[in-house]
Amino acid sequence: DKFVPDVVVGVGGYASGPVLKIAQLKRIPTVIQEQNSYPGVTNKLLAKRANKILVAYDGLARFFDEDRLLLCGNPVRKDLLQLDQLKQDALGFFGLDLNKKTILIFGGSLGAKRINEAVLYQKELLMVRNDVQVIWQVGKIYYDQYKDSELAQQAQIIILPFIDRMDLAYSAADVVIGRAGALTISELMIVGKPTVLVPSPNVAEDHQTKNAQALVKENAAILIPDEAAAERMVPTAIELLEDHDLRILLSKNIRHLARPEATDLIVDEILAVV
């Protein structure tokens, strides 16, 4: 039997291109969800015949037909919507001190080599601070390299291959260091944490830098270029921990960009096309 869908949804990337193209040739309705602040080639090409174009950032009307364009945001996990009351439980979960400031460092599920190297480069800065503690997700492929390092011997530095409870990690954090992928940024908007972004340069069309710049433009995050991470990443996070007013400002501004209703909006628009 042939599978005949009522609608085909694509989120960009080379994998979705042929599928949506065939659907459009067969006159099956298509919906595009552009997750980044700068659309990829696949979505720009497919958008010409898409029924709906759902975007996560303002300012994309210059790329897409405004009549079919709707600002929805990106879907995020529902467990991130109510974190404020979890902080004490979160610190207990990771074995951290309620009286110390916490930096969360993560580079996605696989980790990020440059971010890990930047932490190691500034290890002395972290080791001498008795008032600062760290949740450092190094990634599964890097864990063996770091699990027995000098940093791993420090009680205030928790090194993990993977974080199963990102809701608790975000809740524990006073400052976050991370990459600038579309879904990571959408989560950071929801949790409203002061953030230092280190965009990966190894992605199509450098879209992570563009995602980060969209936040910087709104004074909602700090951007450190990948090549400057070793020198600037950890010192910038420490400075942010010490600047209460800047943390409040960044937190307020990034929360202002959040779209917690994104999942419902996207589903409603897909059903409307059907």
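Colleague: In this predicted model, which residue forms a salt bridge with R77?

Modeller: The model is a prediction, and its closest N and O atoms for this contact are 2.8 Å apart. A salt bridge requires a side-chain nitrogen of Lys or Arg within 4 Å of a carboxyl oxygen of Asp or Glu, so the pair qualifies. The two partners are 110 residues apart, with R77 in the loop between β4 (69-71) and α3 (87-94) and the other in helix α8. The partner of R77 is E187.

Colleague: Is E187 buried or exposed?

Modeller: The relative accessible area of E187 is 13%. The limit for a buried residue is under 20%. R77, by contrast, has 36% relative accessibility and counts as partly exposed. E187 is therefore classed as buried.

Colleague: In which helix do E117 and K113 both lie?

Modeller: The side chains of E117 and K113 meet in a salt bridge, at 2.7 Å from N to O. They are four residues apart, about one turn of the helix. E117 is partly exposed at 34% relative accessible area, and K113 is partly exposed at 48%. Both lie in helix α4 (residues 113-121).

Colleague: How many residues apart are E150 and K123, which link distant parts of the chain?

Modeller: Their side chains meet in a salt bridge of 3.0 Å, N to O. E150 lies in the loop between α6 (143-146) and β7 (157-160), whereas K123 belongs to helix α5 (residues 123-127). E150 has a relative accessible area of 40% and K123 one of 25%; each is partly exposed.

Colleague: Which helix gives the most to the lining of the second largest pocket?

Modeller: This pocket has a volume of about 390 Å³, and V11, G12, G13, N36 and H207 are the closest to its centre among the 19 residues that line it. The lining comprises seven nonpolar, 10 polar and two charged residues. Helices α2 (41-46), α8 (182-191) and α9 each supply at least two residues. With three residues, the helix that gives the most is α2.

How values were computed:
Residues are numbered from 1 along each chain as its sequence is written. This is a predicted model: local features need pLDDT of at least 70, side-chain atom pairs count only at pLDDT 80 or more; totals for chains, interfaces and linings use all residues. Side-chain values use heavy atoms; hydrogens and water are left out. On a 1 Å grid over the protein atoms alone, a cavity is a set of points where a 1.4 Å probe fits but cannot get out, and a pocket is an open set with protein on both sides within 12 Å along at least five of seven lines; lining residues have an atom within 4 Å of a point. Grid points are joined across faces, edges and corners, and a volume is the space filled by probe spheres set on the points. Ala, Val, Leu, Ile, Met, Phe, Trp, Tyr, Cys and Pro count as nonpolar, Asp, Glu, Lys and Arg as charged, and the others, Gly among them, as polar. Buried means under 20% relative accessible area, exposed over 50%, partly exposed in between (1.4 Å probe, protein chains only).
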